[in-house]
Amino acid sequence: MRAAILHKTGQDTLDVRDDVVAVGFGPGKVRVRLRAASLCHSDLSAMSGVLPQPAPFVPGHEGAGDVVEVGEGVTGVSVGDRVVLCWMAPCGRCAHCERGRGHLCVASLRRLGAPGFRFGGGPSSDGEPVEASGFYGTGSFAEEVVVDRDAVITVPADLPYELAALIGCGVTTGIGAAVHTARVEPGASVAVIGAGGVGVATVQGARVCGAGRITVVDPVASRRERALAFGATEALAPEELKAAAKGLPGGGFDYVFEAVGRSATVRAGYDAARRGGAVVVIGAGAQDDLARFTMGELFFNEKRLLPSLYGGAPVPRTIALVVELWRAGRIDLAGMVTHRVGLAEVNEAIAQMRGGEALRTVVVLD
């Protein structure tokens, strides 16, 4: 089958090959024929080393397809089911899972780097087959994957593959942050820093919650303009945020969502929130990028710092919510797909995202 391989962390492009095999099928496993994958900025972060993922690996974690085989002991999913991949599969047994906080389960991270693929004649193999992992246990830039049962979530058969792929991460993360983590109230003032896929999903989540003012902040004018079509009421360049915040009642926004993953934008978000407001951190940043606050300001301002991982609630619950909102016409998933490419053109998708041209590029795997 075909898959895209990153041979070494730090490389800018992927090696699209047709000699790759998905491995590891057995008890508790599911084999999925992927039909669509979408490119998320986290894939680029894994390629660059910002997010840990041993190489070689197959990037991609937003994917949708059909179950073609189930292993012994697998329940709740059958051959023919349409599914999306879940990149942090809960174990169902740990303290987080037992508390209904399965999105915080880290059991799947213990398998980081476990072989999920094999290909022949790699650059460091002297012609011998090479094992590769899938990004965070998935690897959606492949025609087929073998994953744990808990790493797939069923979706309705009438949900198009390319839209289903979007809700595997970015849409679920953004909408969940507004609905579950922040619990934005009707009429609230909201700022979203970063108008990529997660930021636009956050805009839609804030709109669903009934926010009265939704301000998008992004350095790229075209991205700012595009966010207005998804429910933002105004769009600002980063240098305009401070003045806009000061002009609000209370001297800032009720909620500021940081969807970039950098300490500088977290700090800007904190400064733009009103006293008693909330800063919701969605962006996946580097381990050594430190955000700085004084003990005095944390105490005096009573601004809440609310990290939000994967939507801030069990992922199946958030995905079910997203599907319901899509069915009701309250969110726009199709409009988020700005580009489509085949797997052979996946490096074009990477260039589009790096340049800020794409909101979401879908890699069609039919």
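Q: Why is Glu-297 called buried in this predicted model?
A: Glu-297 has a relative accessible area of 16%. Buried means under 20%, so Glu-297 counts as buried.

Q: Why is Arg-267 called partly exposed?
A: The relative accessibility of Arg-267 is 23%. Partly exposed covers values between the limits of 20% for buried and 50% for exposed, therefore Arg-267 counts as partly exposed.

Q: What makes the contact of Glu-297 and Arg-267 a salt bridge?
A: Their side chains meet at 2.8 Å, N to O. The cut-off is within 4 Å for a side-chain nitrogen of Lys or Arg and a carboxyl oxygen of Asp or Glu, so the pair qualifies. Glu-297 lies in helix α9 (residues 295–301) and Arg-267 in helix α8, so the pair ties together parts 30 residues apart in sequence.

Q: How do you know that Asp-271 forms a salt bridge with Arg-267?
A: The closest N and O atoms of Asp-271 and Arg-267 are 2.6 Å apart, and the limit is 4 Å, so the contact counts as a salt bridge. Both residues lie in helix α8 (residues 263–272), 4 residues apart, about one turn of the helix.

Q: Why is Asp-271 called partly exposed?
A: Asp-271 has a relative accessible area of 46%. Exposed means over 50% and buried under 20%, so Asp-271 falls in between.

Q: Why is Leu-305 called partly exposed?
A: Leu-305, in strand β17 (residues 304–307), has a relative accessible area of 36%. This value lies between 20% and 50%, so Leu-305 is partly exposed. Met-295, Leu-298 and Leu-305 form a nonpolar patch on the surface.

Conventions
Residues are numbered from 1 along each chain as its sequence is written. This is a predicted model: local features need pLDDT of at least 70, side-chain atom pairs count only at pLDDT 80 or more; totals for chains, interfaces and linings use all residues. Side-chain values use heavy atoms; hydrogens and water are left out. Patches are made of residues with over 30% relative accessible area and no salt bridge: like charges are joined within 9 Å, nonpolar side chains (Val, Leu, Ile, Met, Phe, Trp, Tyr) within 5 Å. Accessible areas come from the Shrake-Rupley method with a 1.4 Å probe; for residues, only the protein chains shown count as cover. Helices (H or I, at least four residues) and strands (E, at least two) are DSSP runs, numbered from the N terminus. Buried means under 20% relative accessible area, exposed over 50%, partly exposed in between (1.4 Å probe, protein chains only).
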